[in-house]
Amino acid sequence: MLESFLTDYISALTRITAELPRDRIAEAVRHLAAVRDAGGTIFAAGNGGSSTVASNLVVDLVKCGSYGKSKRFRAINLADSVSTTTAFANDEGYDTVFAEPLRSFAAAGDVLVVISGSGNSPNVLRAVEAARELDCSVIGLTSGEQGRLRELADIPLLVPSTHMGRLEDAFFVLSHALAYPFIEDVQGV
């Protein structure tokens, strides 16, 4: 029983990752490079496991994609300040936890990378609205099968699944696909 579950889980994940949109991923990588080269900032946000993916992306860009390199990334996960997050959640409502810090730090030309399995997280969608107001672009990692985020992102990176575990697994793959061209100095970026 367990072996069958594991075989099915891994087989489904293998199929899902094989279907990730390589052309869109390459577009997102080039966009991140353009924002970096223009001196802009990359903001990332997500809830729960998606927040962990956002933190991983930021670490990979700021440390691994920048250390010892002439071109360096400025990147911030909007959920990494627990005090700021809980202050906004408590006083203004959870829907504001990403949008309001973004309004404090972002400038035109920056990029917001948002991660949402459902594609409908109200705080993520409000952050997208704030990004639009600030003239920031949006890269959205989400399900290709549901949710508003896939239609609102400038560069949607869609995972063909609604299974949260497989979505988060694929989001980690996407975060590494976004960061590792810079870590490994891939030509054409």
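Colleague: What makes you say that β3 and β4 pair in this model?

Modeller: Bear in mind that the model is predicted. Strand β3 (residues 111–116) and β4 run parallel and are joined by six bridges. Two strands pair if DSSP finds at least two bridges between them, so β3 and β4 count as a pair. One example of a bridge is leucine 112 with its partner valine 138 in β4.

Colleague: And how do you know that β4 pairs with β5?

Modeller: Here the count is five bridges, again in the parallel sense, between β4 and strand β5 (residues 155–159). If you want a spot to look at, isoleucine 139 stands opposite isoleucine 155 in β5.

Colleague: What lies between β3 and β4 in the β-α-β unit?

Modeller: Helix α6 (residues 122–133) does; β3, α6 and β4 make up a β-α-β unit that is right-handed.

Colleague: Why is strand β4 called largely enclosed?

Modeller: Buried means under 20% relative accessible area. Seven of the seven residues of β4 (residues 137–143) are buried, so the strand is largely enclosed by the rest of the structure.

Colleague: Which strands are the edges of the sheet, and what makes them edges?

Modeller: The open sheet has five strands in the order β2-β1-β3-β4-β5, with parallel pairing. β2 (75–77) and β5 are the edge strands, as each pairs on one side only. On average, neighbouring strands of this sheet are turned by 15 degrees against each other, direction ignored.

Colleague: What about helix α8, where does it sit on the sheet?

Modeller: α8 lies across β3, β4 and β5, and runs at about 135 degrees to β5.

Colleague: Why are α3 and α8 called roughly parallel?

Modeller: Helix α3 (residues 49–64) and helix α8 (residues 164–183) pack at an angle of about 10 degrees, their axes 9 Å apart. Angles under 35 degrees count as roughly parallel, so α3 is roughly parallel to α8. Among the residues that make the contact are Val53, Leu57 and Leu61 of α3 and Phe171, Phe172 and Leu178 of α8. The contact residues divide into eleven nonpolar, six polar and two charged.

Colleague: Last one: how do you know whether threonine 96 is buried or exposed?

Modeller: Its relative accessibility is 6%, and the limit for buried is under 20%, so threonine 96 counts as buried. Threonine 96 is in the loop between α4 (82–91) and α5 (99–105). Leaving aside neighbours within four places in sequence, threonine 96 is in contact with Phe88, Pro101 and Arg126.

Definitions and conventions:
Residues numbered from 1 in each chain as written. Predicted model: local features only at pLDDT ≥ 70, side-chain atom pairs only at ≥ 80, totals over all residues. Heavy atoms only, no water. Buried < 20%, exposed > 50% of the residue type's maximum accessible area, 1.4 Å probe, protein only. Helix = DSSP H or I, 4+ residues; strand = E, 2+ residues; numbered from the N terminus. Right-handed = clockwise from strand over helix to strand, strands pointing away. Axes fitted to C-alpha atoms, helices over the stretch in contact; angles between N-to-C directions. Parallel < 35°, antiparallel > 145°, perpendicular 65-115°, else oblique. Contact = heavy atoms within 4.5 Å. Nonpolar A, V, L, I, M, F, W, Y, C, P; charged D, E, K, R; others polar.
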